[in-house]
Amino acid sequence: MKNLTWGILYSIFALLTIITFTQCGGSGKTEGKTKKGLEYTIFSKTPNAKKAVEGDFVTFFVTVKNFKDSILQPRQEVKAYEVKKDTSDKFNELFLLMKAGDSLVIKESTNSLLKEQEAFVKKRIAETKKQIEELKTGKDTKMPDSSRTQYIATLERDIKQATEQMEKPNPMLPKDKYIAYYFVVKEVMTKKQMEESKRLEQEKKDKEASEQIGKDETLIKEYAEKNKLKTEKTASGLHYIIEKQGEGDTPKAGEMIAVNYKGQLLDGKVFDTSIKEESEKAGLKQPGRTFEPLKFAVGQAQVIKGWDEGLMLFKKGGKGILLIPSGLAYGARGAGKDIPANSVLRFDVELVDIIKSTEQKK
């Protein structure tokens, strides 16, 4: 189960925003009320087009506004949303009334949303308390002992934060107001059409990924040769150099580790480091940062794949270099303004510590 955070308090709201604000207009207008009591207006530009039926998949755009006409959720696209008759999703039934090109407007009371939000958060808190009890009694065997105590503390903190936030007024959902959902259907597809569309899209992604793997490998080899680095390579494509192996065992998946690091692009630009001297040398602006080793559970997808794999090659005190292809880093999405899309990354790392739990030490 994912940790409870402040974002969970808005998770119901986030789910509801799979619905778009556009300038509505057209040749047809239908008004009505759903089984769950939501009033709606549909504007149709293509009255003779085929309506969606159960089992179809719709692609639509969405923006959400509040009672002041301020945007809460900017325009976004939702692809291949399955239309069903019997569902807990209170908006789904409306897609059975719509065709490609149609626009929809819905207003919903914030009081109703607040009740749903409160019920959702209470349910998650109850689930988290149950998980904590299972962790404490040893019933939950999935969590390694090395990180059990810290994870319990994290869950307890999240419960406290969620409870405190739930008791405060929600600035995004003031009482006795409304939220307006506006969306437009871009496309209606049968299941067969949707599967074919997904297949073609996946083929395109696979081809691009394969081509990128080749490009990354070439870049890493050229970089290693230029900088006289003799690397070893894993099956995934990660290149690494162990400059100092360290002592003891290598960390196991799920164990907490502490790492000092410096990350840079292959052109030498440093984008992040846990070491103050390296930060100052690179001219990084990180006001208020506490420079100390980064602690996390390795092998748990809390960091990029190249780190999860690479750091389990070192022992405590070990130092070395990781040359990480983009597919094991931030891929085509990149990371902010400092790490462009499809960037190969270099990390100089030191495995400062493998943090054992009190139970293990005994």
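A salt bridge here is a side-chain nitrogen of Lys or Arg within 4 Å of a carboxyl oxygen of Asp or Glu. The close-ups below come from a predicted model, in which local features need pLDDT of at least 70, side-chain atom pairs count only at pLDDT 80 or more, and totals for chains, interfaces and linings use all residues. Residues are numbered from 1 along each chain as its sequence is written, and side-chain values use heavy atoms, with hydrogens and water left out.

View 1. Welcome to helix H4, residues 191-226 (helices are DSSP runs of H or I with at least four residues, strands are runs of E with at least two, and both are numbered from the N terminus). Glu217 and Lys221 join their side chains in a salt bridge, 3.8 Å from N to O. The two sit 4 residues apart in H4, about one turn of the helix. Glu217 counts as buried because its relative accessibility is 16% (buried is under 20% relative accessible area, exposed over 50%, partly exposed in between, with a 1.4 Å probe and protein chains only). Elsewhere, Glu196, Arg199 and Glu203 are linked in a salt-bridge network.

**View 2. The second largest pocket.** This pocket holds about 380 Å³ of space. On a 1 Å grid over the protein atoms alone, a pocket is an open set of points where a 1.4 Å probe fits, with protein on both sides within 12 Å along at least five of seven lines; lining residues have an atom within 4 Å of a point. Its volume is the space filled by probe spheres set on the points, which are joined across faces, edges and corners. Of the 17 lining residues, Ala209, Gln212, Ile213, Ser326 and Gly327 lie nearest the centre. Helix H4 gives the most to this lining, with 7 residues.

View 3. Strands E3 (residues 57-66) and E4 (residues 71-82) run antiparallel and are joined by 7 bridges (strands pair if DSSP finds at least two bridges between them). Follow Lys65 across to Ile71, its bridge partner in E4. The hairpin has 4 residues between its strands, and Asp69 in the turn has a positive phi of about 70 degrees.

**View 4. Two further salt bridges.** Asp56 and Lys50 meet through their side chains at 2.9 Å, N to O. Asp56, at 5% relative accessibility, counts as buried. Lys337 pairs with Asp338, the closest N and O atoms being 3.4 Å apart. Here Lys337 is exposed at 76% relative accessibility, while Asp338 is partly exposed at 26%.
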